[in-house]
Amino acid sequence: MQFKHPELLYALFLLLIPIIVHLFQLRKFKKETFTNVAFLKQLTLQTRKSSQLKKWLILATRLLALSALIFAFAQPYTSAVSAIEQEAETVVYIDNSFSMQKKGASGELLKRALQELLTHSDENRTVSLFTNTDTYRNTTVKALRNELLQTGYTAQQLSYNAVLLKATDLFSKNSTARKQLLMISDFQEQKEVFEPNPDASIQLHLVKLSPVNTKNIVLDSLYISAVSPSVIELSATIKSNTATEEAVAVSLFDDNRLIAKTGVTVNNEATAVFSIPANETLNGKVTLTDAELEFDNTLYFSIAQKPKINVLSISDADASFLSRIFTDNEFTYSSYTSKNIDFSMLASQDVIISYQLDTVPNALSTALQNFEANGGTLIIIPSTSSSTASYNQLLAPYGWAMGAKQETEKRITRIQYSHPVFTEVFNDEVANFQYPSVKSYYPLSMNKSASMLLLEDGNPFLAQQGSCYLFTAALAQENSNFTQSDLVVTLYAIARNSLKIPRLYYTVGENTYFDVDITLQQDEIVTLKNEETTVIPRQQYYNNKVSIYTGEAPEKAGIYELRSADEVLQSISFNYNRQESNLSYQNITAETGFSVSHSVERLLTDLKNKSKINALWKWFVIFALVFLITELLILKYLK
């Protein structure tokens, strides 16, 4: 038993006063003389005993009545926790990720959890509540009713550590408060294992919701598997966590027009192949039929005409091999000498190659630096007799310095396969690669630069800093066989990488970027727009292109038009991350520090029972009345 006002119990010491008065009464009996002494003695003894008994009973009833009143004013109660002394704080996390679409015994996991939360929680109790997308601080369930009923599914899922950190931030700094964190989720497996280690002052309660079945078929990815002059072959990868006996229908649409359909039997993984005409713009989507999770049944993609990349070479030597690399179907290639170059042309280029110049004039050096600073890609290839002084003036902004030429033959023996330029060139590392060699090279001192190709002595052969690429040796046939080797494709890859052409599709929530070949006027912007929403992505302007950065926007999958004012530049597709399609769950059992329930209703009922306050003051008031009535009966009837 606990007391709301335990300080009033000190009043019990006042009960000593009537006890002391009763024990030390000052009144004395007077002696009276009667003739019949024997009779009077007997009568006196009986009267005195009856009087003492009556007084003790009256004293006991009065003491009990006063004690009962003191206990009543102290307001006694019983509770499993110290609910009166401690301020209660509650934070609720509701997982609204796509996997919560799965159906449990009573319907979709998320909708059922929200309904039970609204039905069985105290509507007027102050709580803080957050989902993967929204946060509500210090409000009530009643005030959040409409927002909770409209909670939708999202591709953004907080990691379990992020949930604990965010919940801790929502609690106050009051160290004496009784803090409760309720996590409602299906606890799907993530990259990190769920090992809750909350603050010791926080009581963690988990509600692990489980679907009736974990069967799911997912349209996992889409890629171009083959290209010919007339046909593009698209391959869609379909995965399933259980083998399907019947064929799954897979359809290909252009906008809303069905252009192809096929059926596949999925045994863990299958591929559906479609052929579409080449050189056509396509706002497509691939769909399959599956009643389990809806979000992973559609993949949006966009195929647009690839813009040609402008490549300009500045060379005083024979650079004819460059024209064979940068062909007309993908590039617009032009070549000038250092003496007849028109500097006004540089701003319209995507790639400039400084090829085997003996000396880089100051004016050209400044123009090339400005070109690279404004988003262009600069490739520098020295000659066998280059002036290191003029080159170092060009290379100074990149933290590079060329040393004196070394007349030592070296082989190129190392490729940094992880470099973004090489990811589109090599699918895997090549064990028996036929590496080219150089007869002379320029040692390079670097500061925070990436070495893409290295010589056998560890010196860089190709270095990168920002959008500037430097070869440390001449590529002329008399000095190197690089142009006859397979590695010459590096030049093609660098040029292709200079303009980040949009991919088939992007993933919602992932940080990435692409380039748009457009020149905007001052204060002009580009937007992403579809039928439902318009977003302004983060963008950076250069001379002849705009880099678009995606991340938090857009938030929904679909095909978006990239617009400049009223002009549609091209279509960009976004899809949800497929990690939610993996219906594998954490194995969670109750441990010290947290409890585990399997329904919101059960947890809320248990918490109410534990925190229920049974007030007892009314009983003590009744006891006081009973004792007072008992005293009156004693005074009236006990003779």
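Isoleucine 415 is in contact (heavy atoms within 4.5 Å) with Phe422, Phe426, Phe433, Tyr435, Met452, Leu453 and Leu487, leaving aside its neighbours within four places in sequence. The residue lies in strand 22, residues 410–415. Helices (H or I, at least four residues) and strands (E, at least two) are DSSP runs, numbered from the N terminus. One of the contacts, methionine 452, is 37 residues away along the chain, and its C-alpha atom is separated from that of isoleucine 415 by 6.2 Å. Isoleucine 415 counts as buried because its relative accessibility is 6%. Buried means under 20% relative accessible area, exposed over 50%, and partly exposed in between, with a 1.4 Å probe and protein chains only.

The model is predicted, so local features need pLDDT of at least 70 and side-chain atom pairs count only at pLDDT 80 or more, while totals for chains, interfaces and linings use all residues. Residues are numbered from 1 along each chain as its sequence is written, and side-chain values use heavy atoms, with hydrogens and water left out.

Two other buried residues sit in loops. Valine 141 is found between strand 7 (135–140) and helix 4, and counts as buried at 5% relative accessibility. Not counting residues up to four places away in sequence, valine 141 touches Leu117, Leu118, Ser121, Asp122, Glu123, Arg125 and Val127. The C-alpha atoms of valine 141 and leucine 117 are separated by 8.3 Å, and the two residues are 24 apart along the chain. Threonine 154 lies in the loop between helix 4 (145–149) and helix 5 (160–170). With a relative accessible area of 9%, threonine 154 is buried. Its contacts, leaving aside neighbours within four places in sequence, are Asn96, Ser97, Phe98, Asn132 and Thr133.

Empty space comes next. Rolling a probe the size of a water molecule over the atoms shows where empty space is left. The search uses a 1 Å grid over the protein atoms alone: a cavity is a set of points where a 1.4 Å probe fits but cannot get out, a pocket is an open set with protein on both sides within 12 Å along at least five of seven lines, and lining residues have an atom within 4 Å of a point. Grid points are joined across faces, edges and corners, and a volume is the space filled by probe spheres set on the points.

The largest pocket has a volume of about 1,800 Å³. It is lined by 46 residues, of which Ile224, Lys306, Arg496, Ile501 and Pro502 are the closest to its centre. Elements that give two or more residues to this lining include strand 10 (217–227), strand 16 (298–303) and helix 10 (489–498). Helix 10 gives the largest share, five residues. By class, the lining of the largest pocket has 25 nonpolar, eleven polar and ten charged residues. Here Ala, Val, Leu, Ile, Met, Phe, Trp, Tyr, Cys and Pro count as nonpolar, Asp, Glu, Lys and Arg as charged, and the others, Gly among them, as polar.

How much of helix 10 is buried? Seven of its ten residues are, so helix 10 is largely enclosed by the rest of the structure. The buried residues are Thr490, Leu491, Ala493, Ile494, Ala495, Arg496 and Ser498. Tyrosine 492, at 24% relative accessibility, counts as partly exposed.

Tyrosine 492 also takes part in an aromatic pair. Rings of Phe, Tyr and Trp (its six-membered ring) pair if their centres lie within 6.5 Å; planes under 30 degrees apart count as stacked, over 60 as edge-to-face and the rest as tilted. By this rule the count comes to 21 aromatic pairs. In one of them, phenylalanine 331 and tyrosine 492 are edge-to-face, 5.7 Å centre to centre with 80 degrees between the planes. Phenylalanine 331 lies in strand 18 (residues 331–336) and tyrosine 492 in helix 10, so the pair ties together parts that are 161 residues apart in sequence. Phenylalanine 331 counts as buried, at 1% relative accessibility. Arginine 496 lies over the face of phenylalanine 331, at 5.8 Å from the ring centre. A charge sits over a ring if NZ of Lys or CZ of Arg is within 6 Å of the ring centre and within 35 degrees of the ring normal.
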